[in-house]
Amino acid sequence: MNQTTTKKPFRIRFWLVAIIILAIYLWSFLGIKFEGLTENAGRDFATILRGLFHPDWGFVYMPEGEDLIRGLLDTLAISIIGTFISAFLCVPFAFWAANNMSRFRWVSGSGKFMLSFIRTFPEIIMAIIFIKAVGPGAYAGVLALGLHSIGMLGKLYSEAIENLDLGPTEALTACGANRLQVLWFAVIPQVLPHFFSFALYRFEINIRSASILGLIGAGGIGAPLILALEGRAWNRVGVILLGIIVMVTIIDIISSAIRKRLV
């Protein structure tokens, strides 16, 4: 069988999948009803652009009240504490969900189900629930990020545990080590760098999530952002977005450099 004959079924499958995807996109766009632009759309859009490109630099620091720096620091603190909480609490769930940590498939299966159940609820839904429970503010944002991140970090941690080298564990078991000693001296040293790397990666995501949670009253920079949007203070919106971009970019650069050294 020549190479041309081998590639023919692959090309047929490729174009069939491409046509199906294109048909789904076309069907999706046909379901959107476009009723045209409003009369003031051009003027409003120009006003928004003018405000975004002329930020309100006076909002960066205001000694008498809430400003950009305080909002960004609150967002950073919410992300750090939420990630710290989830990075520790998800470890038992990760070992519970790892296939190679139990001889019974139903044990790891129930752990995977629990992690999937936890991460099913978006951060915003959890934040709304915690706002009703503990009131608006940063505390609700920390609880929402911490609980939601358990599901995602637990999944990543369990995959790292499943991919570990079983040679050291088998060697310690052959020497008579108990289960706790095998876990401490053979499993933890292998998975710990991956745990730190995944926690940093989740921290990058939580920075963005914390900025959004403030829009519903869960603390952080989102609160002044929603107030500026409601008041159509586009110059203040511009400086807040610029501050979020700068903070997220710096965090991404630092986190990426650390993760490269860990793994």
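**Figure 1. Contacts of Gly 217 in the predicted model.** Setting aside neighbours within four places in sequence, Gly 217 makes contact with Ile 131, Pro 136 and Gly 137. The model shown here is a predicted one. Gly 217 sits in the loop that runs between helix H8 (179-213) and H9. Its relative accessibility is 24%, so Gly 217 counts as partly exposed. One of the contact partners, Gly 137, is 80 residues away from Gly 217 along the chain, yet the two C-alpha atoms are separated by 6.0 Å.

Figure 2. Asp 67 is placed in the loop between helix H2 (41-52) and helix H3 (68-97). Is this residue, Asp 67, buried or exposed? Asp 67 has a relative accessible area of 0%, and because buried means under 20%, the residue counts as buried. The Asp 67 side chain reaches the backbone nitrogen of Met 62 at a distance of 2.8 Å. With neighbours within four places in sequence left aside, the residues in contact with Asp 67 are Phe 59, Val 60, Tyr 61 and Met 62.

**Figure 3. Ala 97 with Gly 109 and Leu 156.** Gly 109 belongs to helix H4 (residues 105-120), and Leu 156 belongs to helix H6 (residues 138-162). Gly 109 and Ala 97 are 12 residues apart along the chain, with their C-alpha atoms separated by 6.5 Å. Leu 156 and Ala 97 are 59 residues apart along the chain, and the separation of their C-alpha atoms is 10 Å. Gly 109, at 34% relative accessibility, counts as partly exposed. Leu 156 has a relative accessibility of 16% and counts as buried.

**Figure 4. Backbone of Arg 232.** Arg 232 is located in the loop between helix H9 (222-230) and helix H10 (234-262). What is the phi of Arg 232? The angle is near 55°, a positive value in a residue other than glycine. For background, most residues other than glycine have a negative phi. Arg 232 is exposed, and its relative accessible area is 60%.

**Figure 5. Lys 33 and His 194.** Lys 33 is in the loop between helix H1 (3-30) and H2. With a relative accessibility of 75%, Lys 33 counts as exposed. How far apart are Lys 33 and His 194 in space and in sequence? From C-alpha to C-alpha the distance is 47 Å, and the two residues are 161 residues apart in sequence.

**Figure 6. The whole chain, as context for the close-ups.** The protein chain has 10 helices and 0 strands, and its pattern along the sequence reads α-α-α-α-α-α-α-α-α-α. The radius of gyration is 25 Å, well over the 18 Å that the globule rule gives for 263 residues, so the chain is more spread out than a compact globule. Along its principal axes, the C-alpha trace spans about 75 × 60 × 35 Å. Of the 263 residues, 33% count as buried; Asp 67 and Leu 156 are buried residues shown in the views above. Among contacts between residues at least 6 apart in sequence, 72% join residues at least 24 apart. The chain exposes about 16800 Å², of which carbon and sulfur atoms supply 70%. There are 22 positive and 16 negative side chains in the protein chain, and the centres of these two sets lie 12 Å apart.

Technical notes
Residues numbered from 1 in each chain as written. Heavy atoms only, no water. Helix = DSSP H or I, 4+ residues; strand = E, 2+ residues; numbered from the N terminus. Rg over C-alpha atoms; globule rule 2.2 N^0.38 Å. Buried < 20%, exposed > 50% of the residue type's maximum accessible area, 1.4 Å probe, protein only. Contact = heavy atoms within 4.5 Å. Areas by Shrake-Rupley, 256 points an atom, 1.4 Å probe, with all protein chains shown as cover. Lys, Arg positive; Asp, Glu negative; His and termini not counted. Charge placed at Lys NZ, Arg CZ, Asp CG, Glu CD. Polar contact = N/O pair within 3.5 Å; in protein donor to acceptor, adjacent residues only side chain to side chain.
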